[in-house]
Amino acid sequence: MTNLLDLVLEAHGGLQRWREARTIHAKGSVGGLLWTLRGRQGILATADMTVDAQQQRVVFEGFTGPELRGVFTPGRVAIERRDGEVVAERTSPREAFAGHGPDTPWDQLHVLYFAGYAMWNYLTAPYLLTRPGVAVEELEPWQEGDEGWRRLRATFPDALDTHAREQTFSYNTAGLLRRHDYAADVLGGAPAAHLCEKHATVSGLVFPTHRYVLPVQEDARVLPEPVLVSIDLTEISVA
């Protein structure tokens with residue numbers, strides 16, 4: 001691990017505390033232009049999700065209906081009734097994005113896969129960066145307005161479902177995540193900047209509660225609009 005990663009882990013609660021966590025439960029709203037472009041506006045306007053902190057699994061309660069839930073794992077997504085009856089499912093869900101254009105309509109299982117792996121990555125960071133096969137290196141600092149940020153480039157293994165193999169994480173002087181850059185493969189690889197604000201401490205772990213994704217220019221400077229994805233978390237608990 002780099003010295004920066006050590007600082008970041010401590011700033012977000014410490015590696016040992018992350019290792020002890022079993023689940024992260026969050027409620028809030030997920031919006032933005034992306035869902036409109038894909039014909040699924042409002043599908044996550046009321047989001048209630050439980051993330052397994054130690055393996056890639058997310059459950060969305062009330063997904064597409066009050067008596068339903070959506071279950072994400074890397075190799076399968078499914079919409080189930082509360083008694084476990086499967087309403088719809090898809091194996092090898094990432095393959096279902098092949099050939100998509102910027103406004104190809106999504107079905108509910110596309111949404112479940114994308115939101116599932118994305119929220120798992122977001123809510124387990126920076127612990128995410130300590131997983132087997134993830135390589136990190138510190139890049140040159142970045143100036144964002146009047147803030148100077150230190151940056152980590154992470155290279156992810158194929159075994160981990162994430163936006164892209166290479167991503168960049170930027171941290172303020174306290175070690176808190178402020179920006180996350182990636183070009184999501186399932187969205188065609190357009191670069192985007194994911195901004196993080198309003199950090200909250202919950203059971204010793206630290207999470208940004210307001211996030212929004214904006215397009216970036218060739219020089220990596222952020223464009224002011226449109227907001228592609230917005231995430232506002234109103235409740236978080238750790239077990």
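Predicted model: local features only at pLDDT ≥ 70, side-chain atom pairs only at ≥ 80, totals over all residues.

Me: What phi does Gly-145 take in the hairpin of S7 and S8?
Reply: The hairpin of S7 and S8 has two residues between the strands. Gly-145 takes a positive phi there, near 65 degrees.

Me: How many aromatic pairs does a search of the whole structure find, and what is the angle between the planes of Trp-18 and Phe-207?
Reply: The search finds eleven aromatic pairs. One of them joins Trp-18 and Phe-207, with 5.7 Å from centre to centre. Planes over 60 degrees apart count as edge-to-face, and this pair is edge-to-face at 70 degrees.

Me: Why does the pair of Trp-18 and Phe-207 tie together parts that are apart in sequence?
Reply: Trp-18 lies in helix H2 (residues 15–20), whereas Phe-207 lies in strand S12 (residues 205–215). Both residues are buried. The pair therefore ties together parts whose separation in sequence is 189 residues.

Me: Are the planes of Trp-35 and Phe-114 stacked or edge-to-face?
Reply: The pair links helix H3 (residues 33–37), which holds Trp-35, to helix H4 (residues 108–124), which holds Phe-114, 79 residues apart. The ring centres are 6.0 Å apart and the planes meet at 65 degrees, so the pair is edge-to-face.

Me: Do Trp-35 and Phe-114 count as buried or exposed?
Reply: Buried means under 20% relative accessible area. Trp-35 has 3% relative accessibility and Phe-114 has 5%. Trp-35 and Phe-114 therefore both count as buried.

Me: Which residue lies over the face of Tyr-117?
Reply: Tyr-117 belongs to an aromatic cluster with Trp-35, Phe-72, Phe-97, Trp-106, Tyr-113 and Phe-114. At 5.4 Å from the ring centre of Tyr-117, the residue over its face is Arg-94.

Me: Which element gives the most to the lining of the largest pocket?
Reply: The largest pocket holds about 360 Å³ of space. Its lining has 23 residues, and those nearest its centre are Leu-34, Phe-114, Leu-187, Leu-228 and Val-229. H3, H4, S11, S12 and S13 each give two or more residues to this lining. With five residues, the element that gives the most is H4.

Me: How many residues of that lining are nonpolar?
Reply: The lining of the largest pocket includes one polar residue and one charged residue. The nonpolar residues number 21.

Me: Where does Pro-226 lie, and what is the omega of the peptide bond from Glu-225?
Reply: Most peptide bonds are trans. Pro-226 is placed in the loop between S12 and S13. The bond from Glu-225 to Pro-226 is cis, with omega near -5 degrees.

Me: What is the omega of the peptide bond from Ala-125 to Pro-126?
Reply: Pro-126 lies in the loop between H4 and S7. The bond from Ala-125 to Pro-126 is cis, with omega near 5 degrees.

Me: Does Lys-198 count as buried or exposed?
Reply: Lys-198 is in strand S11 and has a positive phi, near 55 degrees, although it is a residue other than glycine. Exposed means over 50% relative accessible area. At 58% relative accessibility, Lys-198 therefore counts as exposed.

Technical notes: Residues numbered from 1 in each chain as written. Heavy atoms only, no water. Phe/Tyr/Trp six-rings, centres within 6.5 Å; stacked < 30°, edge-to-face > 60°. Helix = DSSP H or I, 4+ residues; strand = E, 2+ residues; numbered from the N terminus. Buried < 20%, exposed > 50% of the residue type's maximum accessible area, 1.4 Å probe, protein only. Lys NZ or Arg CZ within 6 Å of the ring centre and 35° of its normal. Pairing = 2+ DSSP bridges. 1 Å grid on protein atoms, 1.4 Å probe; cavity = no way out; pocket = protein on both sides within 12 Å on 5 of 7 lines; lining within 4 Å. Points joined across faces, edges and corners; volume = space filled by probe spheres on them. Nonpolar A, V, L, I, M, F, W, Y, C, P; charged D, E, K, R; others polar.
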